[in-house]
Amino acid sequence: MNYIYVFAALAAVVLLATLISLRRSRIRVEYSVSWLVVGCLLLICALFPSGMLRLAAALGLDPQICFVVLTGTLALALLFEVSAVVSRLRDENVILTQRLAILEYRMRQLQSENGDQSK
């Protein structure tokens, strides 16, 4: 049952680190929700080990292996979310760069038109 303590410690670390980062404004609220969900899931697994044992039995796994699988799945879910956010931000950055280029082009056109009219 040592993995239960690992779940509890991991949950405490995730929850405390997320809350401290939120307090210090190092992480935005919308991105901290997934970390808080992961911390809560780990805490639930630590508080109710019978559910973890039933899940392990249903999957035909040793409870410690089930712990590793669950932790890996949660890490992959967080990684997927981060990838989605980075992709969205990249797309937004491309759009903003294009808009800036258009504005600079129009500004140069206006400046050249004003320069031609002043002659």
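Reply: Start with Arg108, which is exposed, with a relative accessible area of 53%. This is a predicted model, in which local features need pLDDT of at least 70 and side-chain atom pairs count only at pLDDT 80 or more, while totals for chains, interfaces and linings use all residues. Residues are numbered from 1 along each chain as its sequence is written, and side-chain values use heavy atoms, with hydrogens and water left out.

Me: What makes Arg108 exposed?

Reply: Exposed means over 50% relative accessible area, buried means under 20%, and partly exposed is in between (1.4 Å probe, protein chains only). Arg108 has 53%, so the label is exposed.

Me: How do you know that Arg108 forms a salt bridge with Glu104?

Reply: A salt bridge is a side-chain nitrogen of Lys or Arg within 4 Å of a carboxyl oxygen of Asp or Glu. The closest N and O atoms of Arg108 and Glu104 are 4.0 Å apart. Both residues lie in helix H4, four residues apart, about one turn of the helix. Glu104 counts as partly exposed, at 34% relative accessibility. Side chains of opposite charge can pair when their charged atoms come close.

Me: What counts as a helix here?

Reply: Helices are DSSP runs of H or I with at least four residues, strands are runs of E with at least two, and both are numbered from the N terminus.

Me: How many salt bridges does the rule give?

Reply: The count comes to three. One of them joins Arg88 and Glu92, with the closest N and O atoms 3.2 Å apart. These two also lie in helix H4, four residues apart. Arg88 is partly exposed at 38%, and Glu92 is partly exposed at 35%. Another joins Glu30 and Arg28, at 2.7 Å.

Me: Why is Arg28 called exposed, and what is the label for Glu30?

Reply: Arg28 has 53% relative accessibility, so exposed is the label. Glu30 has 42%, so this residue is partly exposed.

Me: What makes a set of residues a nonpolar core?

Reply: The members are buried Ala, Val, Leu, Ile, Met, Phe, Trp, Tyr and Cys residues, joined through side-chain atoms within 4.5 Å. The largest such core here has 14 residues. Those with the most contacts inside it are Tyr3, Phe7, Val38, Leu42, Met52 and Phe67. Helices H1 (2–23), H2 (29–47), H3 (49–59) and H4 (63–117) each supply at least two residues of this core.

Me: What does Met52 touch?

Reply: Met52 touches Tyr3, Phe7, Cys45, Pro63, Cys66, Phe67 and Leu70, not counting residues up to four places away in sequence.

Me: Why is the pair of Phe7 and Phe67 called edge-to-face?

Reply: Rings of Phe, Tyr and Trp (its six-membered ring) pair if their centres lie within 6.5 Å; planes under 30 degrees apart count as stacked, over 60 as edge-to-face and the rest as tilted. A search of the whole structure finds one aromatic pair. The rings of Phe7 and Phe67 have centres 4.4 Å apart and planes at 85°, so the pair is edge-to-face. Phe7 is in helix H1 and Phe67 in helix H4, 60 residues apart. Both Phe7 and Phe67 are buried.

Me: How many disulfides does the search find?

Reply: It finds zero. A disulfide is a pair of cysteine sulfur atoms within 2.5 Å. The sulfur of Cys40 is 11 Å from the closest cysteine sulfur, in Cys45, so this is too far for a bond. Cys66 is in no disulfide either: the nearest cysteine sulfur, that of Cys45, is 8.1 Å away. Cys40 is partly exposed at 38%, whereas Cys66 is buried at 2%.

Me: What is the average confidence?

Reply: The protein averages a pLDDT of 90, and 96% of the residues score at least 70. pLDDT is the predictor's confidence in each residue, from 0 to 100. Confidence is lowest in H3, at a mean of 89, and highest in H4, at 92.

Terms used. Contact = heavy atoms within 4.5 Å.
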